[in-house]
Amino acid sequence: MQAKPIGDARSMTDLRHEAPLPTGTPAPEFDLPSGPDATLGLRDLHGRPAVLAFYPADWSPVCSDQLVLYQEIRPMLEEFNAQIVGISVDGVWCHRAFAQHRGIEFPLLADFEPKGAVSHAFGAYRGAEGVSERALFVLDPDGAIHWSYVSPIDVNPGADGILHALKDLTGREAPV
Amino acid sequence: MTTTWESFLTVPVTPERDHIIGRPDAPLTMVEYGDYECPFCGMAFPVTEEIIDRLGDDLLFAYRHFPLATVHPHAALAAEAAEAAGSQGRFWEMHGLLYANQQRLEPPDLVARAEMLKLDRDRFVDELRTNAHRAKVRSDFMSGVHSGVNGTPTFFINGRRHDGPADLPSLMESLQAAVPRR
């Protein structure tokens, strides 16, 4: 199930600088392949804080550092009872090879067909390049957007903004 | 919450907690978060040496550990080895030796470097075996995560993250831009 139909491809390519959905907005419904035989959707994330990390592409050096960093900080995310997923327009087999190569154990979702539709629904698609923005969303347990941030495409945003948002959302202190 | 975010160093450099080169009251402070198994950090090592050399008393340089164990299985113990050398007063010598040959970071390689530096070998080995410096390495890592370290190497210049390349022209430009106006 897609959040928005994408009948007019031009409507996506013209939106070169989409604004990410802001704080307080309910996250768009989605359901994306998380592997060859599985999907993961917004409903699966309900009940716990969630981090959605949109990124342009598997394998590019900046993305890999970013996702490897998120793998490293999973124990910190768990202290907030938060889950994390990565989302790009790469297909499931590409995601699988990338995750195995880099030791990434959290789900990577394939916004592959219709291409970029979920990224677009979040205001995190770069139509000119045909890739997702480097965008972060922290969702509350009810699926509303608590924090969103779009990083310059070539700048890995790190994890400090995510941790700050989770601290703000949960009222818990981050581990030090 | 807003959609703007700027990363800054959350744990200030102090001579008590950090390995430093230069004067604590220098007008410029550059902190590197690095990983001894990371090839990009290896390439940045001579760059930092050059910057330290060029800026002299104007720069305070500090190095903190950011081992990315997911991709670099030897990085954490190498960082502990640098700390173990540091506990015998030879942090920077070990730091240089680790970056001089990043392909050799197995435990016997670390001990061989300790011997090169004429450290107390038994003490060094014991500190590695008992992970005596794991907490310090973790403290560095966590300070980096909270400060927006986004890979290795990551540099902070007067507290602000340097988002450009880790090369000499780019770092020197950031340093010159950070010089306090009189």
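1. First, some ground rules. This is a predicted model, where local features need pLDDT of at least 70 and side-chain atom pairs count only at pLDDT 80 or more, while totals for chains, interfaces and linings use all residues. Residues are numbered from 1 along each chain as its sequence is written, and chains are lettered from A, with ligands numbered from 1, in the order in which they are written.

2. Start where the chains meet. The contact takes 30 residues from chain A and 17 residues from chain B (two residues are in contact if their C-beta atoms, placed from the backbone, lie within 7 Å). On the chain A side, H3(A) gives the most, with 6 residues. Helices (H or I, at least four residues) and strands (E, at least two) are DSSP runs, numbered from the N terminus.

3. Now look inside. The largest nonpolar core has 94 residues, and among those that touch the most other members are A:Val51 and B:Ala78. Such a core is a set of buried Ala, Val, Leu, Ile, Met, Phe, Trp, Tyr and Cys residues joined through C-beta atoms within 7 Å. A residue is buried if 20 or more other C-beta atoms lie within 10 Å of its own, exposed if 12 or fewer, and partly exposed in between, with C-beta atoms placed from the backbone. Leaving out residues up to four places away in sequence, B:Ala78 touches B:Tyr36, B:Glu37, B:Leu98, B:Leu105 and B:Leu110.

4. Helix H6 of chain B (residues 134–147) is worth a look. Its 14 residues reach 20 Å from first C-alpha to last, close to the 20 Å expected at 1.5 Å a residue (the expected span is 1.5 Å times one less than the number of residues). Its buried residues include B:Val137, B:Phe141 and B:His146. The buried residues of H6(B) pack against elements of chain A, H4 (74–79) and H7, and also against S2 (28–34), S3 (59–65), H2 and S4 (154–157) of chain B. Just after H6(B), B:Gly148 takes a positive phi of about 90°.

5. Check the cis peptide bonds too. One joins A:Glu113 and A:Pro114, with omega about -5°. Another joins B:Thr152 and B:Pro153, with omega about -10°, and B:Pro153 sits in the loop between H6 and S4 of chain B.

6. A:Asn81 is partly exposed, with 13 other C-beta atoms within 10 Å.
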